[in-house]
Structures are given as structure tokens and as C-alpha cells.
Amino acid sequence: MLGYVSVEARGESDLLIRDATMALHARGVPLAGAVQVNSERDATHKCDMDLHILSGSDVVRISQNLGALSRGCRLDPAGLEHAVGMVAAALESGPALLVVNKFGKQELDGRGFRPLIGEALSRGIAVLTAVNPGNLPGFLEFAGDYAEALPPDVDAIVDWCNAQRLAA
């Protein structure tokens, strides 16, 4: 009930999750969650990271501008938690699927979307997410037998999501 994709290429998992979500939405599948869209900026700045909340038209910025030479994590924890709150409210409507843009460092530490993943699974709602290969061991420790690796293919992801709906 916890499908995940894990790819090396920067931004590729964001595109896979977004495209699969768009295909599911076009088929009328009720969704809760968020997809990440990165907007490139000029060469002296890193991209902006935004979460598009699937239950409406809200967009939440989750990146901070730390300057052109910064090397630290640019995630804005307050922005992420704001998005999590919006998704938590949408989870109450009983979606067929929870889409979590990424199981990242915040989730590894027990924050971010991690509590919502557990909540969705306890309600019998399947979850789709992406996991950076470096975070995969921690994710698998968290997910246990619920984790199912999905191929990095939009059609395969959509098929898995549809199979989860039929099994519920």
C-alpha cells in the first residue's frame, strides 16, 4: 500500500509523480497530497521549490533563498509544515490515494509528511511517494512490509495506483 519510486537523476522523481498524478486526476481519482514543481531561476540562484496541493489550487513555497554561494539545505521547514497541514485537512475527505512528493530528510526524522503517511495507511488509503536513493535505507526501515518499489514509468505507476484502489 506504499508505492515508491527511486531514481538518481535530479528532478526526475518530481516529474514522474507529477505526471502520474495528472493522469490519475484526469481519470477522476480522488487525491490528497502534494506534488513538487521546481522553477529554475537565473544561473546565480538555485531553483524555487513549490508544493502544489492536490485538493485545490494552493501552492506552497518550501525553499528558502540562502544566497548564490550557499551549500546548505534550502528547505523551509515552516513552508513544508504548512503544506502538511493543508494535506492533513484534505485527508479527511477520504481520498483514494495520498501523494507525497518526497520521503526526504524531514520524514526520516519523523517530521514532514511522515505522520500523514502512517495515518493514511491506517485508514486503508494507499500512498505514493518518491525516495532519494540516499534516503532509501531509512525509508525501508520506516515502511517495512508496506513498501513496494515501482518502476520509473508513469504508466506503471498509474497501473499500481489503480490496482490499490480496486483492492481497497
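Let's begin with the rings: ring pairs link Tyr4, Phe103, Phe139 and Phe142 into a cluster. Here rings of Phe, Tyr and Trp (its six-membered ring) pair if their centres lie within 6.5 Å, and planes under 30 degrees apart count as stacked, over 60 as edge-to-face and the rest as tilted. Please keep in mind that this is a predicted model, in which local features need pLDDT of at least 70 and side-chain atom pairs count only at pLDDT 80 or more, while totals for chains, interfaces and linings use all residues. Residues are numbered from 1 along each chain as its sequence is written, and side-chain values use heavy atoms, with hydrogens and water left out.

By the ring rule there are three aromatic pairs. Phenylalanine 103 and phenylalanine 139 make an edge-to-face pair, with 5.0 Å centre to centre and 70 degrees between the planes. This pair links distant parts of the chain, since phenylalanine 103 sits in the loop between β5 and α3 (105–108) and phenylalanine 139 in helix α5, 36 residues apart. Helices (H or I, at least four residues) and strands (E, at least two) are DSSP runs, numbered from the N terminus. Both phenylalanine 103 and phenylalanine 139 are buried; buried means under 20% relative accessible area, exposed over 50%, and partly exposed in between (1.4 Å probe, protein chains only).

The rings of phenylalanine 103 and phenylalanine 142 have centres 5.3 Å apart and planes at 25 degrees, so this pair is stacked. It ties together parts that are 39 residues apart in sequence, because phenylalanine 103 lies in the loop between β5 and α3 and phenylalanine 142 in helix α5. Phenylalanine 103 has a relative accessible area of 0%, and phenylalanine 142 is partly exposed at 25%.

Arginine 114, in helix α4, has its C-alpha atom 7.6 Å from that of phenylalanine 103. Leaving aside neighbours within four places in sequence, arginine 114 is in contact (heavy atoms within 4.5 Å) with Glu107, Leu108 and Phe142.

Now for the nonpolar cores, each a set of buried Ala, Val, Leu, Ile, Met, Phe, Trp, Tyr and Cys residues joined through side-chain atoms within 4.5 Å. The largest has 30 residues, of which Leu98, Phe113 and Val127 touch the most other members. Its largest share, seven residues, comes from α2. Beyond its neighbours within four places in sequence, leucine 98 is in contact with residues including Ala32, Val87, Leu116 and Val127. Apart from this core lies another, of 19 residues, among them Val7, Leu24, Ile157 and Val158.

Which residues of α6 are buried? They are Ile157, Val158, Trp160, Cys161 and Gln164. Seen down the axis of α6, the buried residues fall within an arc of 160 degrees (taken from the directions from the helix axis to the C-beta atoms), so they line one face of the helix. On the other side of α6, Asp155, Asp159, Leu166 and Ala167 are exposed. The cover over the buried residues includes β1 (2–5), α1 (12–26), β5 (97–100), β6 (126–130) and β7 (147–149).
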